[in-house]
Amino acid sequence: MNGRPSYYHSHSPFSNNSLAICKEIQRFESVHPSIYAIYDLIELIPDPIVAQQVRDHVVCIEGELILFYHFSV
């Protein structure tokens, strides 16, 4: 042993949690460009009722991603 407290070891639960959180944040952020692209495509839908229905679904999906992100961290 090198005399350091156990929390200095690289395999501590703190470093594992930090790594998991960083990976989850990267995954979450990687989805956003696709969501923005969907909103841009929705603007091209000529029927405003259909556009709003699609927008509502995207908002629900986005909300689920955010909830999943918060519960997985």
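The chain has two helices and zero strands. Helices (H or I, at least four residues) and strands (E, at least two) are DSSP runs, numbered from the N terminus.

**Ground rules**

- Residues are numbered from 1 along each chain as its sequence is written, and side-chain values use heavy atoms, with hydrogens and water left out.
- Because the model is predicted, local features need pLDDT of at least 70, side-chain atom pairs count only at pLDDT 80 or more, and totals for chains, interfaces and linings use all residues.

**Confidence**

- pLDDT is the predictor's confidence in each residue, from 0 to 100.
- The mean pLDDT of the protein chain is 77. Of its residues, 70% reach 70 or more.
- Over residues 5-9, pLDDT stays under 50. For this stretch the model has three contacts beyond four places in sequence. Contact means heavy atoms within 4.5 Å.

**Surface and burial**

- The protein chain has 73 residues, and 14% of them count as buried. Buried means under 20% relative accessible area, exposed means over 50%, and partly exposed lies in between (1.4 Å probe, protein chains only).

**The salt bridge**

- A salt bridge is a side-chain nitrogen of Lys or Arg within 4 Å of a carboxyl oxygen of Asp or Glu.
- Side chains of opposite charge can pair when their charged atoms come close.
- Here, Glu-43 and Arg-55 meet in a salt bridge through their side chains (3.1 Å, N to O). The pair links distant parts of the chain: Glu-43 is in the loop between α1 and α2, and Arg-55 is in helix α2, twelve residues apart.
- From C-alpha to C-alpha, Glu-43 and Arg-55 are 9.4 Å apart in space.
- Glu-43 counts as exposed because its relative accessibility is 57%. Arg-55 counts as partly exposed because its value is 22%.

**A buried charge**

- Glu-62 lies in helix α2, which covers residues 48-72.
- Glu-62 is buried yet has no salt bridge. The nearest side chain of opposite charge, Arg-55, is 9.8 Å away. Lys and Arg count as positive and Asp and Glu as negative; His and the chain ends are not counted.
- Leaving aside neighbours within four places in sequence, Glu-62 is in contact with His-32, Ile-35 and Tyr-39.

- Val-54 has its place in helix α2. Val-54 is partly exposed, with a relative accessible area of 30%.
- Not counting residues up to four places away in sequence, Val-54 touches Ile-42 and Ile-45.
- Val-54 and Ile-42 are twelve residues apart in sequence and 7.1 Å apart in space, C-alpha to C-alpha.
- Gln-53 is also found in helix α2. Gln-53 is partly exposed, at 44% relative accessible area.
- The C-alpha atoms of Gln-53 and Ile-42 are separated by 9.7 Å, and the two residues are eleven apart along the chain.
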